[in-house]
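Dear colleague,

Please find the structure below, handed over for your records.

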Amino acid sequence: MARRHSEKQDDTEINITPMLDIVFIMLIFFIVTTSFVKETGIDPTRPKVERATQKPRGNILIGVTESGDIWFNKQEIELTLVRQRVEEATAESPESSAVIIADDGAPTGVVIDIMDQVRLGGVIDISVAAELEGS
Amino acid sequence: MKRRIHSNEEEAEINITPMLDVVFILLIFFIVTTSFVKELGVDLSRPSNEPPKDVEVSEVIAIKIDRTGTITIKSRETDIRAVRANIESALAVKPDASVVVAAHREADAGILVRVVDQARVAGAQRVSLAALATP
């Protein structure tokens, strides 16, 4: 009697192995593709351009407001801190590139100073965020 | 004998339910935190602090942006819409020329980005920034 009962249970049990396979593959996919992008905390008006490329590894985002204030990871920072922040970010993900999200009316001098600091921090691939014309 | 093996197998089976719980929580965490939004950007390259390479003056198309945002190409004031045509005609004469954009520190970053974009659209292979000494 006991034996028959256990056999019945075995029959009705759902085989979850294929589901587990899928779940593990999804898990690995999301772990690999996740890059913890730190938002700048501001949304400046990006300049409109005709040709812009996507920056798939643009994990270091630095925002510049119209008045020249620098934002990183939802807080305003001084120019002298940019290098340190970039070094911390590259320690987390070494292959990241930097994107400076400068306002249309931000002073060029601040943007160039940030680029110098980012380069000193060890990131060579620097670009300035833009918006495609007509979008 | 057969029966003993069977009962042994049943005892040795590992309970995978807690592991499944953890895996699902991880999966949900990574799904929620993943962001696939990537910034659009224009690459800006700025010469580093290395000693400058000797570039023949004739091979450089110099674009100057002054404090108010006025664009000057070859000592002639130009509108942003005419930048592309100007660079194209200059490149037709000197196909290997590189474009150097020198912007005033207080000029709008948007104008700089647009000028670099127009230079790229015009077909310039090398576009670089130069610091304009503040008078």
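Predicted model: local features only at pLDDT ≥ 70, side-chain atom pairs only at ≥ 80, totals over all residues.

Residues are numbered from 1 along each chain as its sequence is written, and chains are lettered from A and ligands numbered from 1 in the order in which they are written.

Interface. Chain B places 33 residues in contact with 40 residues of chain A (contact: C-beta atoms, placed from the backbone, within 7 Å). On the chain B side, the elements that give two or more residues are helix H2 (17–33), strand S1 (40–43), helix H4 (109–122) and strand S6 (127–131) (helices are DSSP runs of H or I with at least four residues, strands runs of E with at least two, numbered from the N terminus). H4(B) supplies the largest share, eight residues. The two chains are also joined through strands: S1(B) and strand S7 (residues 126–129) of chain A run antiparallel and share three bridges (strands pair if DSSP finds at least two bridges between them). Within this pairing, Gly41(B) is the bridge partner of Ala129(A).

Helix H4(B). This helix has 14 residues and spans 20 Å from its first C-alpha to its last, close to the 20 Å expected at 1.5 Å a residue (the expected span is 1.5 Å times one less than the number of residues). Of the 14 residues of H4(B), 12 are buried (20 or more other C-beta atoms within 10 Å of the residue's own, all placed from the backbone). After H4(B) comes Gly123(B), with a positive phi near 105°.

Strands of chain B. Strand S2 (residues 60–65) runs parallel to strand S5 (residues 98–103), with six bridges between them; Lys64(B) has Ala102(B) as its bridge partner. S2(B) also runs antiparallel to strand S3 (residues 71–73), through three bridges. S2(B) and S3(B) form a hairpin with five residues between them, and Gly69(B) in the turn has a positive phi of about 95°.

Nonpolar core. The largest core has 53 residues (a core is a set of buried Ala, Val, Leu, Ile, Met, Phe, Trp, Tyr and Cys residues joined through C-beta atoms within 7 Å). Among those with the most contacts inside it are Ile100(A), Leu112(B) and Val115(B). H4(B) gives the largest share of this core, seven residues.

Yours sincerely

Key: Contact = placed C-beta atoms within 7 Å.
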